[in-house]
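The following exercises are to be worked with the sequence and the coordinates at hand. Each task is followed by a solution in steps.

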Amino acid sequence: MIQLEAIQRRYISDEVETTALSDINLKVAEGEFVAIMGPSGCGKSTLLNTLGTVDRPSSGRYMFAGRDLANLDEGALAQFRAETLGFVFQSFNLIDELTIQENVELGLAYRRSGGGDRKARVAAAMDRVGISHRARHFPHQLSGGQQQRAAIARAIVGEPKLILADEPTGNLDTENGQQVMDILTSLNAEGATIVMVTHSPSHADIARRRIDMLDGRIVSSVARAI
Amino acid sequence: MIRLSLIGFLRSLTRHKLYSALNIGGLAVGIAVFLVLGLYVRFETSYEKWIPGANNVWEVETNMVGSVFDGRFLEQTPVAAWSAINRDLPGTVGTRIQEIQATVIQHGIGVRENFAMVDPDFFRVFPLPVLDGKVDGILSDPTQIVVTQRVAMKYFRTASPIGKSITLSYDGAQHAYKIAAVIADMPPNTDFDFDLIGRFVITEDKTNPLYVSQHQWDYGGGQTFIRTMNDEAAARLSSELPGVVTRHAAGETPNNDGFKIALRLQRLTDLHFEAPGSKLMVTTLGIVGVLTLLLAIVNYVNLASARAGLRAREVAMRKVLGASRQALVRHYLIEAVATAAVAAVLGLATAEAGLPLVNAAGGLTLSIRYVGADGVLLPLALLVLVAGILAGAYPALMLSRFPAAAVLASARSPGGGRTGTRVREVLVIFQFAVAIAFLVGTMVLVAQTMHARSTDIGFNRSNLLVVSSLTNSNLTDSQRDSLLHRMAGLPGVMSVAASNTVPGGGMVTSSSNFPIPGMSGPGPSIQYFEATPGYFSTVGVRLLAGRLFDLAHPGDLNPNVLQGHGPGDSLPANVVLNESAARALHYPSPEAAIGKTFGKDSPRTVIGVVADMRYQSLRVPVPPMLFTFVERDPKYENGVIRFTGDPKAMLNAVQEAWREEAPEVPFEANTAQQALDVYYKRDDHTARLFSIGAVLAVLIGCVGLWGLASFNTARRVKEIGIRKTLGASSTDVVKLLVGQFLRPVLIANIFAWPLAYVAMSKWLAGFDDRIALSPLYFIAATLLALTIALVTVIAQSLRAARATPAWALRHE
């Protein structure tokens, strides 16, 4: 489903050039659960942002379901994200002025295509992650685990083809972290493709394949024996 | 999507109370000032537009070529002018309006009313709203009269007194009329001020004293108005006027060789701004309103863009969720428009609450109408849209530009970069440039109005009473003599005199050209007046050279008047000149004029030169004046009384004496200062309105500066901790923080000073007697602005500077 070819990402500021990604070649099959690990600054989040089209590579090719995304302008990329992707972040990134229900609804707000009954889909997503009873609360009224579950609901409400999770358990305790991983696992079991960045080896072990990165390069890619 | 945008906006109002209060409050004040001053401008520009077809009504104006008024077109036209136009251009629809003060006697007491004597086509030129009766053709009958509703209720206690009689006293006689119609009272936005309308009767009897003034062109009359079909017809009529003048003026003006006159048409709706400085005043206040609103919008832009970084994560998430840049721009514009809408509601309430104060300060009667042709709701809705888009555009563009990846990766919210900081600094410079210019303007306006009250106007304006009702033609000679005698005997009265020129007006203007010996040409035009014994000392005029009139010098009395002629007739006479007349006659100094004779056919010998008496507006130059000496001129004299003690008590005493001597003649008197106030009033009101607008504009600027300072200081707490750890003192830190905001205020002066200089020079150029545009005003305004800025930011800077380094370093 996903194919990255010779992806480079360089940042140039004043007199300093930093290479965040160097010659990345990666394929992710539909329904796969991939974990990306590596030390701080190795380019994990940059790779995830590239996959999520939130960041544009300096060179290389990104094919998604056979479609070259390099040709898409900003507006088309935004639509692509709205229709195809779901994001989960370490710091949840819920909008403080909106209730949990409204935050989840935001996951459908930017789609141009009709989405059937929006209310029902929001309710189903909240139900899926067990957060319905907090629908009318605001993010600051929820625990970290509940906020992350709400963020997952927002990510999946549009039934995205690809879920990108950037250290989804990084700000959670063990129990909540495990709950989040359980949700991701069950989503993957239902066929969702997931790419997850994590610092936790135990969480990485839940994924079907583990990719290690160092200094902007993929140094290993190991599939877990099932 | 819009629903979610508005929900988020409404909740953010309560979540960020201070910021919301600053933003909405600032915008509300800006909108309120814009609204009120907009109402003022609309009112002032609406004069006479309430008259149906007002655009096709024209006033005929006169330029007396070669006279003291040469170069100015005056609204008074000779009575003969319309007679000539009517004869030469039949079918022209027009009317004269001669306004006089007539007396209605009720229960033995005379009440003054303004009476307009007009021609039969008056109601064709001015189709005023008729409430009762009919006006068609009624003015053909000189015994018919039309009254306003106010007069109908006042004298008849009914809105329908059709057929009832009313007697008016004027020109020394009583005139009986029958009421034929009632019209609506004149609205506030008109310069027409009469409540009774009757027929203007032209006499053909050459023995009638009015004949000469009604048939000769060198006598001023009232106003003349003409209605045309359209502008083309007006242009055609205008081109015919020189021919009318050529055919009639000289021939109908005997004994006035070289008399020249020019006529022109002036649109009725442009007349209100003919008074010197009036258009500039209205334009200035309109600009104040627009600039104040602009300052409020700049505030919003500054605060919103400063705080944009705090919303960077939200923006990044929206982008991640698929929001395009356009969608984000739309979202934040909706927020800005919603903010403007809330501010507009508050601004409307503020304007409504503040209107009584503004009306009192500006001498106005403004009110807010919400719906209808004059309604504010629709224009306000448009303003909300425009202001919201203007205010929200830059913050929306800025917010939508945040790179999602960088924001999500960073622990710290972005500050907008150097560009953002520079833009905000430019906006603060703009705000304070306008604020400093406003401060300079306020100081200059207030100084000029104070100058008007205290400047040397050539006579002593304190404790001087002017009794203008002495000119009432219904007073008999014996009543006049008795009144002057009684007034002179009142306790506190030091002296009493009379003249046809007094402070505040009363100027029945006659002027002639006086040739200068040894020079060709008709000579300068000089206005001539009469003064009775004690006039100059009563008024307190300053003598510059020679002496004043004295009964001990029998030759001083004007022999023309003694022999029953007009005062300007050809017998030689002693005169006192004012300074301007001495200059106009080319005397090198007042002393050099003493003993000199000028005027070929009417020789006048100068016995004294007095300082220019500024009896009217400071805007108009004092004309050249000469005085001849009379014992009493019964027709035009106003009384002047020099007194000691309380002015109110003196007025009451004079009024009491009047009521006993002539109760059927309305009493009119006021102090010289009150009489002059009529001219100063308008400038006073403008200065007050300008000051209110300026103070609020400065307040808006301070609100914005405070918000910016608060935000910027909070962002720099960690930096302050680092600096203090490295050895900076609290004073060093305060200097750093305060300097950040004082710099743009200082830079603002580069723009403010030239702007204020040009604006105030233009304003002051409208005054003949004006203050100098001293650099002190500019320096004072700058110091004041710096002080205000310092006071605004110092408290937060001190608080931040006193924080312990450890706490500051932990702060994120």
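Buried area is the accessible area (1.4 Å probe) that two parts lose on being put together, summed over both. The model is predicted, so local features need pLDDT of at least 70 and side-chain atom pairs count only at pLDDT 80 or more, while totals for chains, interfaces and linings use all residues. Residues are numbered from 1 along each chain as its sequence is written, chains are lettered from A and ligands numbered from 1 in the order in which they are written, and side-chain values use heavy atoms, without hydrogens and water.

**Exercise 1. The interface**

Task: Determine how much area chain B and chain A bury between them, and which helix of chain B gives the most to the side that touches chain A.

Solution.
Step 1. The two chains bury about 2,300 Å², with 61% of this area on carbon and sulfur atoms.
Step 2. Contact (heavy atoms within 4.5 Å) involves 26 residues of chain A and 24 residues of chain B.
Step 3. Three salt bridges cross the interface of chain B and chain A; a salt bridge is a side-chain nitrogen of Lys or Arg within 4 Å of a carboxyl oxygen of Asp or Glu. Glu102(A) and Arg11(B) form a salt bridge with an N to O distance of 2.6 Å.
Step 4. At least two residues of the side of chain B that touches chain A come from each of helix 1 (2-15), helix 9 (312-320), helix 10 (325-362) and helix 12 (404-409) of chain B. Here helices (H or I, at least four residues) and strands (E, at least two) are DSSP runs, numbered from the N terminus.
Step 5. Helix 1 of chain B gives the most, namely seven residues.

**Exercise 2. Salt bridges within a chain**

Task: State how many salt bridges the whole structure holds, and where in chain A the partners Glu32(A) and Arg209(A) lie.

Solution.
Step 1. The search over all chains finds 37 salt bridges.
Step 2. Glu32(A) pairs with Arg209(A) in a salt bridge at 2.7 Å, N to O. Glu32(A) lies in the loop between strand 2 (16-28) and strand 3 (33-37) of chain A, and Arg209(A) lies in strand 9 (residues 209-214), 177 residues apart.
Step 3. Relative accessible area is classed as buried (under 20%), exposed (over 50%) or partly exposed (in between), with a 1.4 Å probe and protein chains only. Glu32(A) is buried because its value is 11%; Arg209(A), at 13%, is buried as well.
Step 4. In chain B, Glu668(B) and Arg112(B) form a salt bridge whose closest N and O atoms are 2.8 Å apart. This pair links the loop between helix 19 (647-661) and strand 21 (669-671) to strand 3 (residues 109-118) of chain B, 556 residues apart.
Step 5. Glu668(B) is partly exposed at 24%, and Arg112(B) is partly exposed at 31%.

**Exercise 3. The surroundings of His203(A)**

Task: Decide whether His203(A) is buried or exposed, and find which side chain it joins in a polar contact.

Solution.
Step 1. His203(A) lies in helix 7 (residues 201-206) of chain A.
Step 2. Its relative accessibility is 11%, so His203(A) counts as buried.
Step 3. A polar contact is a pair of N or O atoms within 3.5 Å; within protein, one must be able to donate a hydrogen and the other to accept it, and residues adjacent in sequence count only if both atoms are side-chain atoms. The side chain of His203(A) has such a contact with that of Thr169(A), at 3.1 Å.
Step 4. Apart from neighbours within four places in sequence, the residues in contact with His203(A) include Gly177(A), Gln178(A) and Met181(A).
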